[in-house]
Amino acid sequence: MIKAILIFNNHGKPRLSKFYEHYSEDTEQQIIRETFHLVSKRDENVCNFLEGGLLIGGSDNKLIYRHYATLYFVFCVDSSESELGILDLIQVFVETLDKCFENVCELDLIFHVDKVHNILAEMVMGGMVLETNMNEIITQIDAQNKMEKSETFIFQSPRQDR
Amino acid sequence: MPAPIRLRELIRTIRTARTQAEEREMIQKECAAIRSSFREEDNTYRCRNVAKLLYMHMLGYPAHFGQLECLKLIASQKFTDKRIGYLGAMLLLDERQDVHLLMTNCIKNDLNHSTQYVQGLALCTLGCMGSSEMCRDLAGEVEKLLKTSNSYLRKKAALCAVHVIRKVPELMEMFLPATKNLLSEKNHGVLHTSVVLLTEMCERSPDMLSHFRKNEKLVPQLVRILKNLIMSGYSPEHDVSGISDPFLQVRILRLLRILGRGDDDSSEAMNDILAQVATNTETSKNVGNAILYETVLTIMDIKSESGLRVLAINILGRFLLNNDKNIRYVALTSLLKTVQTDHNAVQRHRSTIVDCLKDLDVSIKRRAMELSFALVNGNNIRGMMKELLYFLDSCDPEFKADCASGVFLAAEKYAPSKRWHIDTIMRVLTTAGSYVRDDSVPNLIQLITNSVEMHAYTVQRLYKAILDDISQQPLVQVASWCIGEYGDLLVSGQCEEEEPIQVTEDEVLDVLEGLLVSNLSTPVTRGYSLTAIMKLSTRFSSVNRIKKVVSIYGSSIDVELQQRAVEYNALFKKYDHMRPALLERMPIMEKTATNGPTEIVQTNGETESSVLDTKHPATVPQPANQANDLLDLLGGNDVVPVIQTALPTKPASAGGELLDLLGDLSLTGGPTPAPAPSVPISQPPFLLDGLSSQPLFNDVAAGIPPMTAYNKNGLKIEFTFERSNPNPNIAVITIHASNSTEADMTDFVFQAAVPKTFQLQLLSPSSNIVPALNQGTVTQVIRVLNPQKQQLRMRIKLTYTYKGSPVQDLAEVNNFPPQSWQ
């Protein structure tokens, strides 16, 4: 099971945080800080697996991370997930974002957090991997976005583009 | 009121903030605006406001006032609203807020909505944060959706079902019928999530597991799917780096693992496909390796044939040589899991594993270290230890503690010789001395005491070590203890193993005094050194210097040191005649576990010798027989008055009064009040001569009168009692068997049984021949633990050979004096 998915930049600013287990708000922020601290210390050519910090708890949990340009994508998983598989999943996620946003960069994630959440919701649900086929995901996202757009048109409310 | 700003605007504004305080200010202003907008019940802009709130929540600011608004959004008809509402619910709400229950009805309606995306949203939210009440209420809807033909909904329903099962395990049966044709789907998304659902069910319930194995014939279905995936050739849809749907392959392999574990038939059925996957998968990219890794884990876990297992371990070995760190890490992790079962196979890769110790990557180093310790055995101990000690020298502090304890354990189990063992421990103490565990000091002291022939060598090496460096406390503590014990060997230069060094008494005392005054020494270490100096007073000739040191510390600020110094002073002045005996060489110690009431190895390492003999104790290490040890120590007489209890020891600082110290000592070694045997006894030591020993002794032991337990056919068995001081629940009974007939009783065995609430420990008898005509007694010590203070009762069985024929008798002993068990 995936316990949490975090995206933060090289300075530790959170760009996306999704927890699949409940923690209080303070704990969530602490986890983000602690994870950033652990991950930023890592060299470039070491392996992508880390034992988790104290907060996200337990010897069972690992941090699997990938560093893309200015962003760290960190998945905190327990032992039921295959480590190498998660690495691939992160890759698929980033490629999907790339397709959806057209050459995605950090700014896209900053200004369209909710869209990123929606994409993530199509891939991971309740801590478990839902869909890994990039095209399938993108099809669904496009359909849902179309629905949204059509609503705003019909109801004549100000454009809700966020 | 003007329209609330868009999310984009807000983000832009926040990004212009230069300090944390500015940012906080902006956010607070916006929060206030949002709050007033919520109060106005503005439907059009609610969505926008909640989006902004979620953004601020991500940055770490409190957003709980938006929870109800999320609910209102969910209840709205617009898809846009619902989307944000559900997202907000997932981020802001959880089981602990009562508000979440209000969602149940909304979700129920949405699960039956006409638009699949709305249904999808509802399933997603339920699957992420549904509480057990919600799950219970909505499980039926989920189950219905599990059977739909819409693959988009089906896959979501499957994962939602997993969440429901996790929250409410009793509902698992409900989903069983729906799983029947899940695997006949073509859609990979559905297949993937169905496999997850099946995995969850099998892991949770062994009944389900056997059901799936037998009735559903799950294994053949999975094997078929896997085969299609591998054979199907290029399929652009699910391709990841040239392999078709690796995620699904990995999931299926995992489920196969669970199905095949412990079951021969299933394992049989999957052998072929596993071999196929293992040999055909391309390993140049991470994807292929992920599949191989999963395959290896599966092979190791099920009852696979040996050829397959060898194949698996070889794959892991190849992984170890791979350049990619991730692969190496993963290989080390799985080798660690398999080293218990396939030890020999993993041994083959030992050299590679040891090389990984030198890797720069912290995670790999840690794995390699754990694996190396698991691989140590009697054959490779020397080589491995060299590598591990080298690693200990150079590794990060976070590893040192674990590595040191690992080294100690391995050395204890497999040490080829005592000298090697001591060398290894010394090396650990000098390199990682500050990181070793606390109990390693007494363990090491015990080890040194027991390896008698190494005393001189050990003390010399320790002395040299602390000349160099006195900062590592465990090393210093062990060294000062040894110098105190074996200082005479050090000064006399008797070392056989190495070049003896020339040390004078004054130099040794300088070093020890240096420890006392140094800032680096902890109070415990100071205690060790003071006692060491004191012990040297019987071994060295420069007693005056020692007397001076001791009297100086009589006024030390540290209470522990002060107490010790004062007592040692008293030892010099009033009890000087006892000093040699008190400060005698330590006898060979047994591990604490075998000694009942007495603790020989104290954690502060200080023990007082209570061997009441002027001779040195036996220098050959004895087998574990406690009573034999003690008897040998007394000079090896066959029949001697038994020492009632094992050597009691007291830290020199406990119970200040010297008289109490001796009061306990009187329990040992003195003559028993039982009828004295007619063979010569080694006399009670002069220790008691200095006191009015008789009354003292009688006070303690005569408190409980002895009793005759058995007297038949010339065999008389008397019981004498002591209460063990540290533990009043333990009564120590000594039996004395005497024989008044004219023939010896040979092969004499005494056995005893006690009621269930007691515990009995029988030590070895002094001999098994009871000589005729009361010429001697056979003694044996029994220790009875009586935690409930019930009346002591015992049934005894005696067997012996008398005049050639075996005699056996049973008797009940009920007449125990009340003081023995109250």
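Helices (H or I, at least four residues) and strands (E, at least two) are taken here as DSSP runs, numbered from the N terminus. Read in these terms, chain A follows the pattern β-β-α-β-β-β-α-α-α-β-β-α along its sequence, with 5 helices and 7 strands. The model is predicted: local features need pLDDT of at least 70 and side-chain atom pairs count only at pLDDT 80 or more, while totals for chains, interfaces and linings use all residues. Residues are numbered from 1 along each chain as its sequence is written, chains are lettered from A and ligands numbered from 1 in the order in which they are written, and side-chain values use heavy atoms, with hydrogens and water left out.

Of the 162 residues in chain A, 63% are buried, where buried means under 20% relative accessible area, exposed means over 50%, and partly exposed lies in between (1.4 Å probe, protein chains only). A contact requires heavy atoms within 4.5 Å. Among the contacts in chain A with a separation of 6 or more, 49% join residues 24 or more positions apart.

We can turn next to the meeting of the two chains. The size of an interface is often given as the accessible area lost when the parts come together. Chain A and chain B bury about 6300 Å² between them, with 56% of this area on carbon and sulfur atoms; the value is the accessible area (1.4 Å probe) that two parts lose on being put together, summed over both. Chain A brings 66 residues to the contact and chain B brings 72 residues. Between chain A and chain B there are 6 salt bridges, each defined as a side-chain nitrogen of Lys or Arg within 4 Å of a carboxyl oxygen of Asp or Glu. One salt bridge joins B:K156 to A:E122, with the closest N and O atoms 3.2 Å apart. On the side of chain A that touches chain B, several elements each supply at least two residues, among them β2 (14-19), α1 (25-40) and α2 (83-101). The largest share of that side, 10 residues, comes from α5(A).

Over all chains, the structure holds 45 salt bridges. Within chain B, B:E294 pairs with B:R257 in a salt bridge whose closest N and O atoms are 3.0 Å apart. B:E294 belongs to helix α15 (residues 286-301) of chain B and B:R257 to helix α13 (residues 246-260) of chain B, so the pair ties together parts that are 37 residues apart in sequence. B:D506 is partly exposed, at a relative accessible area of 40%.

Chain B also contains an open sheet of 3 strands in the order β6-β9-β10, with antiparallel pairing. Two strands count as paired if DSSP finds at least two bridges between them. β6 (745-753) and β10 (805-813) of chain B stand at the edges with a single partner strand each, so one side of each is left without a neighbour in the sheet. β6(B) and strand β9 (residues 794-802) of chain B pair in the antiparallel sense over 7 bridges, and B:V749 stands opposite B:T799 in β9(B).
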